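User: I am new to this structure and would like to know what the terms rest on. Please show it, and then I will ask about some of the labels.

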Amino acid sequence: MIQKIVNSFLTSYTYIIPTGNSNDCWLVDCGDVNKVIEQGFCVKGVLITHCHIGHIYGLNKLISKYPDVEIYTNADGKDGLLTPKWNMSKYHDEIEDFVFCKPENIHVFESEDQYRIDEGLTVEVLFTPGHEPSCITYKIGNCLYTGDAYIPGVKVVTNLPRSNKQQAAESLDRLQQLERSGMEIMPGHWVE
């Protein structure tokens with residue numbers, strides 16, 4: 001059963017997706033790692049919806065516990081994991097500049113497709129840029145993990161240095177069509 005954690009920084013979400021193999025799981029985004037570890041999960045990998053700090057700040061702590069964990073993103077996301085300006089950590093005084101400490105663990109999705117990333121997990125990758133070039137939506141079962149590309153009831157933020165309003169509108173339209181077809185939206189932030 002999928003679990004959702006509301007992270008302490010920027011009220012972002014981390015989703016825990018069990019694979020069906022003992023206590024193994026994958027995460028969608030990575031914030032408060034202790035909340036995952038305390039539940040007894042063994043994290044195999046992380047699917048990053050985009051490289052902004054609220055969605056990645058737990059990665060280095062996770063790597064210290066699970067050094068072989070695999071991180072999946074696109075090429076822009078890989079660059080963002082290694083660049084404090086792009087991941088926005090440079091602009092948050094309450095957190096250190098973030099640089100992912102183990103770049104050799106990063107895997108890059110080159111194209112939209114279905115990927116079997118683990119024995120118990122197949123994901124469909126949809127590139128949904130606009131909010132940020134690194135935005136990816138993951139389709140797993142009947143759920144769409146949209147990050148900040150689509151948070152129902154909230155306007156997509158497009159006033160950031162790497163945002164693109166036209167791409168955001170196209171991505172939003174695509175995701176809303178999928179929602180209308182019966183997909184469940186799993187956004188990147190907690191909203192009242």
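User: Why is S171 called buried?

Analyst: The model is predicted, local features need pLDDT of at least 70, side-chain atom pairs count only at pLDDT 80 or more, and totals for chains, interfaces and linings use all residues. Residues are numbered from 1 along each chain as its sequence is written, and side-chain values use heavy atoms, with hydrogens and water left out. Buried means under 20% relative accessible area, exposed over 50%, and partly exposed in between (1.4 Å probe, protein chains only). S171 has a relative accessible area of 6%, so the word buried applies.

User: What does the side chain of S171 reach?

Analyst: It reaches the backbone oxygen of T128 at 3.5 Å. A polar contact is a pair of N or O atoms within 3.5 Å; within protein, one must be able to donate a hydrogen and the other to accept it, and residues adjacent in sequence count only if both atoms are side-chain atoms. Leaving aside neighbours within four places in sequence, S171 is in contact (heavy atoms within 4.5 Å) with T128 and P129.

User: How do you know that the buried residues of helix 5 line one face?

Analyst: A168, S171 and L175 are buried in helix 5. Seen down the helix axis, the buried residues fall within an arc of 70°, so they line one face; the arc is that of the directions from the axis to the C-beta atoms. On the other side of helix 5, Q166 and R180 are exposed.

User: What do the buried residues of helix 5 pack against?

Analyst: They pack against strand 9 (136–140), strand 10 (143–147) and strand 11 (184–187).

User: What makes strand 7 and strand 11 edge strands?

Analyst: Five strands form an open sheet in the order 7-8-9-10-11, with mixed pairing. Strand 7 (113–118) and strand 11 each pair on one side only, where two strands pair if DSSP finds at least two bridges between them.

User: How many bridges join strand 8 and strand 9?

Analyst: Strand 8 (residues 121–127) and strand 9 pair in the antiparallel sense over four bridges.

How values were computed:
Helix = DSSP H or I, 4+ residues; strand = E, 2+ residues; numbered from the N terminus.
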